[in-house]
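Biologist: Hi! Could you walk me through this one while I have it open?
Modeller: Happy to, let's take a look together.

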Amino acid sequence: MTESFLEQLTQIIDRQHVLTADIDKEPYLTDWRKRYTGKALAIVLPRTSLEVAKIVQLCASKKIGIVPQGGHTGFCGGATPDQSGNQIVLNFKRMNSILELDEANQTITVEAGCILQNIQEAAATKGFLFPLSLGAEGSCMIGGNLATNAGGTNVLRYGNTRDLCLGLEVVTAKGEIWNGLKSLRKDNTGYDLRDLFVGSEGTLGIITAAVMKLYPLPISQWTTLVAVNDVRSTISLLNLFQKRATSLLTGFEMMTNESLVLTEKHFTQMSNPLKGNPAYTVLIELSDHESEAHVRKLLEDILLEAFEAELISDAVIASNLSQANAFWHMREHITLAQAEEGANLKHDITIPLSALDDFMRETDALIRAQYPGVRIINFGHLGDGNLHYNIAAPEGVEPKEFNRLNEKPIHDLVYAQVERFKGSISAEHGVGQLKLDGLRAHKGEVAHELMKSVKRALDPQNLLNPHKVVSI
């Protein structure tokens, strides 16, 4: 059966784009964190949505599972096959064309395999901003960004990937092509199918193309690092910037001292320019379409007010683009530093801002009391309440062994605290297979059954990314 199936695949797509040798398949079978490794009948590299549709039709006829895969940068194992060996990986790196950039409508239409950075650069050449920005933007693909409803550093002003999407092209579990590539900002015609597929992690349909919003490229940007002593002052600082800068506030990122100490350990050139190693370092960015002088003056005025209110103890304003990039690189390299340090326990959570101080004080205390010496690598997009609340083994303790012994009780502790403070166990990384078991309890029985009903209706054979997000 396997030989027959693979032969039929090569009648749809050139044989060179159906990878079956172990050495060719290997790069596609392990997730970025090296947490999950699966098996696959083949890695299939389509070039058109029609090829995708025909591949899905063939897989449906043979009951072969399909794992859609973009840049393979996810944290939850959502694009990694299982151990059954009865699945194919559908990787979209060849479907990487920018189909249209409509300047009048301020939209860009792209295939699912477009690298995020390439979209940003294509928009910039025409004087536009595509605001989705992630640490992995040099390798992640827009199809994966949409499938996971990725967040990033600009959510505060521009929203998640869902908010940037106007239309989709999707291949259904039957192998039909839904062409919803409309560039309308208003279309009130029944169920919003676009929102059904965005964030579904390839379990309801396979995104093959999208229409995304563009914005005029800002004329001026100013970036600053500020030192803050506690979370309560950090929230007050955010409120001050939101009140004074309103929509000009595009970034508000919080980094704990432990996070930046770890980053400097592995990237020595990234030392914190603020004096005294503050408990919290906040990266703030303003952008505008007026002059640089106007934005600089506003930033200085707000910082002065924050000093007078004793919300901050130090501040450094980037004097040029290179220094601003260095500030952002500090923030983005925290994740890379964690990878260099060894395996760690990640929690991508959202907490209401009003409860954030209590959550962090209580949870930090519980963690440190039960696991002496652990390092809490806590950083995140504070403007939207998203924390990357990660736990690293104590210095000198082997990370994998520490995680093996303590992963479940630490996850249970953190997620119990998330529930207590009415938060979410997944802010921007998705569910994948990592959080599959905990989703029912988090969503509640009614919501979980509704999700299963949608899955059964759209993918009754459970062939699209099976055993991810929700199991049927």
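Modeller: Let's start with helix 13, where Leu356, Asp357, Phe359, Met360, Thr363, Asp364 and Ile367 are buried. Please keep in mind that this is a predicted model.

Biologist: What about Arg361, is it buried or partly exposed?
Modeller: Arg361, also in helix 13, counts as partly exposed because its relative accessibility is 48%. Its side chain makes a polar contact of 2.5 Å with the side chain of Asp358.

Biologist: How far is Arg361 from Tyr36, C-alpha to C-alpha?
Modeller: Those two C-alpha atoms are separated by 32 Å, with the residues 325 apart along the chain.

Biologist: Which residues have the most contacts inside the largest nonpolar core?
Modeller: Those are Leu237, Phe241, Phe252, Phe359 and Ile367, in a core of 51 residues. Among the elements that give two or more residues to this core are helix 9 (231–245), strand 13 (249–256), helix 13 and helix 14 (399–420).

Biologist: Which element gives the most to this core?
Modeller: Helix 9 does, with 7 residues. There is also a second, separate core of 28 residues, which includes Ile119, Leu129, Val198 and Ile207.

Biologist: Changing topic: what's in helix 3?
Modeller: Its buried residues are Ser49, Glu51, Val52, Ala53, Ile55, Val56, Leu58, Cys59 and Ala60. Helix 3 covers residues 49–62, and its end C-alpha atoms are 20 Å apart, in agreement with the 20 Å that its 14 residues should span at 1.5 Å a residue. Just after helix 3, Lys63 takes a positive phi of about 60°.

Biologist: You listed Cys59. How many disulfides does the whole structure have?
Modeller: A search finds 0.

Biologist: Are Cys59 and Cys76 buried or exposed?
Modeller: Cys59 is buried, at 0% relative accessibility, and Cys76 is buried as well, with a relative accessible area of 3%.

Biologist: What is Ile66 in contact with?
Modeller: Leaving aside neighbours within four places in sequence, its contacts include Val56, Cys59, Ile88, Leu90, Ile206 and Leu463. Ile66 is found in strand 3 (residues 65–69) and is buried, with a relative accessible area of 1%.

Biologist: One last stop. Where is Glu341 found?
Modeller: Glu341 is in helix 12 (residues 321–341). A polar contact of 2.7 Å joins its side chain to that of Arg375. Beyond four places in sequence, Glu341 is in contact with Leu262, Lys265, His266, Arg375, Glu395 and Pro399.

How values were computed. Residues numbered from 1 in each chain as written. Predicted model: local features only at pLDDT ≥ 70, side-chain atom pairs only at ≥ 80, totals over all residues. Heavy atoms only, no water. Disulfide = S-S within 2.5 Å. Buried < 20%, exposed > 50% of the residue type's maximum accessible area, 1.4 Å probe, protein only. Helix = DSSP H or I, 4+ residues; strand = E, 2+ residues; numbered from the N terminus. Polar contact = N/O pair within 3.5 Å; in protein donor to acceptor, adjacent residues only side chain to side chain. Contact = heavy atoms within 4.5 Å. Core = buried A, V, L, I, M, F, W, Y, C linked by side-chain atoms within 4.5 Å. Expected span 1.5 Å × (residues − 1).
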